[in-house]
Amino acid sequence: MPGLWRRSLIAWPDGRRDTTSFVNWLQGPGLYLDLRQPEGRPDFSGMGSLSALDHEALMWLATQEGFAGELVEEEGWFEWRRDIDFQPKAVYSDRGRLWIDGTTMVEEGKDIPYIEHWHREPIAGTPSWAARLEDRETGQKGAIARMGGLFMLARERCCSTPAGLSLGECVAGAASIDRARDFLDCEISQGAVTSAGWIVQRSTLPYREARPLLPVLNGGLLETLDQDRMGKPFTRRWEITDLRGEPLTDVLPNGVFS
């Protein structure tokens, strides 16, 4: 099922439905990334860094979802195993059945009863690769995938979250706004590979949007452009711990992209 999948519907047995959230799932070779943002997003203009996000902004950002990991199939059940999860660890695994109904792929949950409708978006199939990453300095897990002119990137937060709470509850109950920002410092981003480089278009961290990723291979490390809590740019250096699909011939040592 490689490609970009857009969700048009999720429905629960109690009658609740969501047809308005932005939900994209990029399925690379074995590994996947998923970004989910509800409608009614506030204006984040002027909030150019994590330290600039106020409590109201943090509370809205906590309503987002996103994850990355490996998709596996066992006895007809598909499981989206989550190496990285924007929300705190879920009690139930993310497993379901998939089938095609016309132009729609239908997903039915196993442990949680739900129905989702997915539609494949028209993007190029090559280049096609995905990788698990590990920050060389902090040890944080990451993931990246590219298919055609689209990429997605994920990075876990550097702190743990209290057990049994939603992210919104973690943020609302944080001892300080700095601690609340720590809980939100988890990135799931989607972007486009353009003639100007790899540009982030959507992200759980709004200050990352419209900024370049600048991926470069340097001595076996994948380097990407990031910024610290105050907004100062820095280079994040990733160990590639698991590469799937094509070799990274589209990320060259001199920073030229194809």
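Student: Starting with Arg-41: is it buried or partly exposed?
Tutor: Arg-41 is partly exposed, as its relative accessible area is 30%. Buried means under 20% relative accessible area, exposed means over 50%, and partly exposed is what lies in between, using a 1.4 Å probe and protein chains only.

Student: And what does Arg-41 form a salt bridge with?
Tutor: Its partner is Glu-209, and the closest N and O atoms are 2.8 Å apart. A salt bridge here is a side-chain nitrogen of Lys or Arg within 4 Å of a carboxyl oxygen of Asp or Glu.

Student: Where do Glu-209 and Arg-41 lie?
Tutor: Glu-209 is in the loop between strand 14 and strand 15, while Arg-41 is in the loop between strand 4 (31–37) and helix 1, so the pair ties together parts 168 residues apart in sequence. Helices (H or I, at least four residues) and strands (E, at least two) are DSSP runs, numbered from the N terminus.

Student: What's the mean pLDDT?
Tutor: The mean is 93, and 97% of the residues reach 70 or more. pLDDT is the predictor's confidence in each residue, from 0 to 100.

Student: Where does pLDDT stay under 50?
Tutor: That happens over residues 254–258, for which the model has 11 contacts beyond four places in sequence. Contact means heavy atoms within 4.5 Å. Where pLDDT is low, the predicted coordinates should not be read in detail.

Student: Back to salt bridges. How many are there in the whole structure?
Tutor: A search finds 27 salt bridges. One of them joins the side chains of Asp-83 and Arg-132, at 2.6 Å from N to O. Asp-83 lies in strand 6 and Arg-132 in strand 10, so this pair ties together parts 49 residues apart in sequence. Asp-83 is partly exposed, with 28% relative accessible area.

Student: What about Arg-155 and Asp-185, are they buried or exposed?
Tutor: Both are buried. Their side chains meet in a salt bridge of 2.8 Å, N to O. Arg-155 is in strand 12 and Asp-185 in the loop between helix 3 and strand 13 (187–194), 30 residues apart.

Student: Which residues are linked in a network of salt bridges?
Tutor: Arg-7, Asp-18, Asp-34, Arg-36 and Glu-116 are linked that way.

Student: New topic: how many aromatic pairs does the structure hold?
Tutor: It holds 6 aromatic pairs. Phe-151 and Trp-198 form a tilted one, 5.2 Å centre to centre with 40 degrees between the planes. Rings of Phe, Tyr and Trp (its six-membered ring) pair if their centres lie within 6.5 Å; planes under 30 degrees apart count as stacked, over 60 as edge-to-face, and the rest as tilted.

Student: Are Phe-151 and Trp-198 buried or exposed?
Tutor: Phe-151 is buried, at 0% relative accessible area, and Trp-198 counts as buried at 1%.

Student: Which residues do ring pairs link into a cluster?
Tutor: That cluster is Trp-5, Trp-25, Trp-80 and Trp-118.

Student: And helix 3, which of its residues are buried?
Tutor: In helix 3 (residues 177–184), the buried ones are Ala-180, Arg-181, Asp-182, Phe-183 and Leu-184. Their cover includes helix 1 (55–61) and helix 2 (167–172).

Student: What's the phi of Ala-210?
Tutor: Ala-210 has a positive phi of about 70 degrees although it is not a glycine. Ala-210 is exposed, with a relative accessible area of 64%. Leu-214 also has a positive phi, of about 50 degrees, and is not a glycine either. Leu-214 is in the loop between strand 14 and strand 15, and Ala-210 has its place in that loop too.

How values were computed: Residues are numbered from 1 along each chain as its sequence is written. This is a predicted model: local features need pLDDT of at least 70, side-chain atom pairs count only at pLDDT 80 or more; totals for chains, interfaces and linings use all residues. Side-chain values use heavy atoms; hydrogens and water are left out.
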